Structures are given as structure tokens and as C-alpha cells.
Amino acid sequence: MLHCTNESQRIYKNRSHVIEFLWLLCGHICAAIKCPGMPGGCTCVEMEISGKSAVVTGGANGIGLAIAEQLLAQGVKKIALLDILQEENEEISSLRRNHPEALIEFLSVDVTEMKSFRESFHEITEKFVKIDIVVNCAGIFDECDYARMFNVNVCGVINSTMLAIEHMRQDGGGCGGNVLNISSIAALNPVLAAPLYSATKQAVLTITTSLADDFFFSRLGIFFHTLCPGATATRFFTDSFDARCLFPDFASEYHAAMAKYPIQEIAAVATAAVGMLKDHRNGSVLIVNDGKVEIKQ
């Protein structure tokens, strides 16, 4: 595990506490002057992403890859993309070509296998020195294999979150940081065609908001955020959706129910994710649906 020097640890601890105090102060000021900022804090102070180091699970495609692209565009200098793929794909190779100034690492990781997952985190910190941001995007939709789905969507997020805490926690010698977990609008409005998937995303939301409690923040110095995307143009909808539903024989009813959900572009979700990190408000919960952002908490 990374240990900061005594001086840098003191600076990071003091800075985190000062930032949290300033957010609370900004919230009171904004309420008094009717600033159009975010509840619990205004938008006039942002976290500087440029120069940071990040880890993104599920980073080889879809939302994870799009978030990685946005982070690199914002100046992240070191980023590790973790994915179940055995080999680096063309999308990651393209990222390297487009961002030659950044250190981009790909690691083949099964987020449900904690031993090898921990080894990957250790390898990353050896190269990056420290990790500032962890974004957990790895997830699947397969209600017919619900045991695997719960293992990936819930246990995988827990595994990555716990590893982030191990490396970041200030009370253990770390420098603090940010953890952003991708949940779903299905966590807030369960989906007819995906009752078990909805439950996995409710678990992610509950875990993340619980860890954002002041009790943990005062000791760990880690900001926790939850993003809840609506229907998004990913493989969720394109790869044999009917066959992965709990009751495939209800396919026609599922299609009718799903038709009311507008499908947004992946870029809208990535933009919202990076915005949450820059906003730097502990415990934030954001919905991005049909390309529109709604602050839930």
C-alpha cells in the first residue's frame, strides 16, 4: 500500500478537511444569496482533474471507455483501464495514439476474483505512485444467470471499492481520493424487464451513499459519488436483450415497456461522470437520463 510522507499526508488531510468545510460554507452562502448551485454546495469551486491518476473498471468499452476518454481530455496523466478482456482492444490502442502524453495501462482483470484484483491494484500503484480516482463501471445484464450478475455488479463493485479504500485511506497512510460508482436509474425506478438487475444497482447505490457518511469521510478522506444513468446506447440493449431477461417469454411486453425509455448517447453519461468528480461533493447522487442531468442528492 502507498504511504505518503508525513508532510504530504498532513497536507492532504488538512486540504480535504478544508475543502469539506468550504463546501459546507458555500452551501450556506448559496442558500442565503440564492446561488443557482447544487444542493449541499455550489458549483463555483471545482476539483482539478488535470494531472491526476485514475483507475476505470469496465474500461475497454461502453461507458467505462467513454469516461476514460473524458478524463484524458481533462488532463488525467495516468490511467489504468481494467476489463475482463484478455487482450487490449483497438479502442484502447486508439486512446494511446490520441493521448501520447498520458500513461495508459490496460490490465485484464476479473473483478469478482479478489486475489488477482488486489495484485492488479498493487501493480498500478507501483507504476502510478498513487491513485486519485477510481471509477467502477464493470457490470453485466443477464437475469438468467443472476448469480453471476450479482457477483459482477455487486461483489465486483465492493471488491474495487474496498481496494480503493485500502490504497487511499488517510487513516492508513494514504492520500485520500475519489470513488465514483456507476449505478442506474433502475436503482430508483425498478424496470419491469430487469427486476434482478435493478436490485444489483440498488445495492450499488446503497453501498456508495453509506460510505459517503461523515463518519467515514473524517477518517478515510475519500469522496464517494454515485451516477445513475438512464437507458444508454450500450450492449445492454443490442446484445440479445430478450434472451437475457428473467422471463424471455414475456418479450413482447418487455419491448412495449422499454419503448417508453429514450436512449441517450454514451457521451452524455461520461460528461456527467466527469462533472461529478469535478464538482467534488461527497455523497452526490446524479441521474443522467435522455441526456439531461438531475441532482438526486
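Analyst: Here is a walk through the aromatic pairs.

This is a predicted model, in which local features need pLDDT of at least 70, side-chain atom pairs count only at pLDDT 80 or more, and totals for chains, interfaces and linings use all residues. Residues are numbered from 1 along each chain as its sequence is written, and side-chain values use heavy atoms, with hydrogens and water left out.

The structure holds seven aromatic pairs. Rings of Phe, Tyr and Trp (its six-membered ring) pair if their centres lie within 6.5 Å; planes under 30 degrees apart count as stacked, over 60 as edge-to-face and the rest as tilted.

One of the pairs is F141 with Y197, edge-to-face, at 5.6 Å centre to centre and 80° between the planes. This pair links distant parts of the chain, 56 residues apart. F141 sits in the loop between β4 (133-136) and α5 (146-168), and Y197 in helix α6 (residues 195-211). Helices (H or I, at least four residues) and strands (E, at least two) are DSSP runs, numbered from the N terminus.

F247 and F250 form a tilted pair: 5.6 Å centre to centre, 50° between the planes. F247 is partly exposed, at 42% relative accessible area. F250 is partly exposed too, at 39%. By contrast, F141 is buried at 5%, and Y197 is buried at 11%. Buried means under 20% relative accessible area, exposed over 50%, partly exposed in between (1.4 Å probe, protein chains only).
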